[in-house]
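Dear colleague,

I am handing over the structure below, and I would be glad if you could look through it alongside my notes.

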Amino acid sequence: MVAAPSRAGTAGGVETYGNFVGGEWRPAASGDLFENRNPADRDDLVGRFAASGEEDVRAAVAAAAEAAEGWRLTSAIARSGILLKAAAILESRVQQVGRELTREEGKTLKEGIGETTRAVQILRYYAGEAQQPTGEHYPSMSPATLLYTQREPLGVVAVITPWNFPIAIPTWKIAPALAYGNTVVFKPASLTPLCAVRLVEALAEAGLPPGVLNLVTGAASAVGDPLVRDERVTGITFTGSNAVGGELRKIVAERGAKLQLELGGKNPAIVLADADVDHALGHVVNGAMMSAGQKCTATSRAIVDRELVGPFTERLRERIAGLVVGDPQRPETQIGPLVDEGNAERVAGEIERATQDGARLIAGGGRLTDNGRGRGAYVAPTLFADVDPDSRLGQEELFGPVLGVIAVDGMDEAVAVANRVRFGLSASLFTRDLGRALAFVQGIQAGIVHVNSETAGAEPQVPFGGMKGSSSYSREQGKAARDFFTQLKTVYIDPPPTPVAVAERRSGGAA
Ligand code: UN1
């Protein structure tokens, strides 16, 4: 299929982008637009995007519903081929899309290009998965019965994604949805719609039939709400806040649909006295501060053995205070701005509050406005010591460049403190002791567990997701994606009676 360009035009040198519905780029029914600005420089307008509403959602769901039967019956091998082609198209644009990601989201160029490369890998992975067997053959009580399962798509799936991984997360939801034969209505975060456009362009150009993938941009209340309430939508996959996740649970409980949630984290890195301190330092700092701490897998609690906590905290302070914070397009920058002014102000407020609550501020502490940073959403990488594990800072996700150090006496207390939060996404332990490592793996309440590496990161071939309040007891990526994006059909096939049996039945000879 040849898709018309996603750009609806330019005004004053700024591009305008539409929705993608039924294989065509088109403006919102209302004609309204919203602006997308660079968080490193609010005077830099990245583009104008369709401010959609219920009418646009209805049209997108209708297009997806109409395409569902054809796509379900398209061979998995053909679906795989389209994903592979989309991977090649996106790969040829990795530099451009990575730069655009940095411009609209604010993570460094290295991270922006790295994440786009990751999206390419995810597309390739699901092109491979689409060719794997999906059903199972079972023995039956009756020896002649062919008894097996097959997996079938859910139908129309709503994909609702956050701004912090604006191309990787959409890809790891959309690629398996499509691979297993679902059609998609994709509602990306309003702060990062350009990456969504780029992903949809690559998939459309790779030959997806019209209606199989639809993009609707706009506000959560105007787009997300009617989308998840539409009875034709049979699956919803969402990554974002616990508050929205809770609302989705209620909606789905009432109307019935399959739901997958990836929510918050308050991820601990435990550093035991026997750890390789240099190694642990690097991983704790990266886990806490990369992407300005805006990952649900970010390290936000360093739980450190009391034997080590003084010198370890001092070295954390040195490292964190020395991070280069600035324009994420510059190669020397290590930490960019937060995603927007609202988030920067919110995190600065949390820092203020933590100080009032008695945590000891030892690096950073609020907004950065010098050296041109006043034009962007900058918050200084911030370190607190003496954090009370039960305080707000010890319990709540801040989603910013803020790390709190908690002192403990040994491994058992460390794990107990680590578990004493409502979240359970990822966790790290730094030790040289194999026995402690194994005990940690057994005892920690987290869906992703690292020994001697940082809490963030997710390889596409393994399941990703959390325990407790971090998830909905489902997993994304790897083979787990198949479980979510398909439903099972159990099939009993018996041979028809043989001619002899039929003749005997007619003559009344046999039962
Ligand atoms: C990663 O750590 O690389 O929203 C991925 C998030 C997670 C993904 C983290 N769902 O931050």
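Predicted model: local features only at pLDDT ≥ 70, side-chain atom pairs only at ≥ 80, totals over all residues.

Residues are numbered from 1 along each chain as its sequence is written, and side-chain values use heavy atoms, with hydrogens and water left out.

The ligand has 13 residues around it, of which Arg 118, Asn 164, Cys 296, Thr 297 and Gly 457 come nearest (a residue is near if one of its heavy atoms lies within 4 Å). Polar contacts here are pairs of N or O atoms within 3.5 Å: ligand oxygen atoms lie 2.9 Å from a side-chain N or O atom of Asn 164, 2.6 Å from a backbone N or O atom of Cys 296, and 2.7 Å from a polar backbone atom of Gly 457. Of the 320 Å² of accessible area that the ligand has on its own, the protein covers 98% (Shrake-Rupley method, 1.4 Å probe).

As for the domains, an automatic or database assignment gives domain 1 (7-263 + 471-491) and domain 2 (267-451), whose C-alpha centres lie 31 Å apart. In domain 1, 22 residues are in contact with 27 residues of domain 2, contact meaning heavy atoms within 4.5 Å. The shell around the ligand draws at least three residues from each of these two domains.

Best regards

Conventions. Polar contact = N/O pair within 3.5 Å; in protein donor to acceptor, adjacent residues only side chain to side chain.
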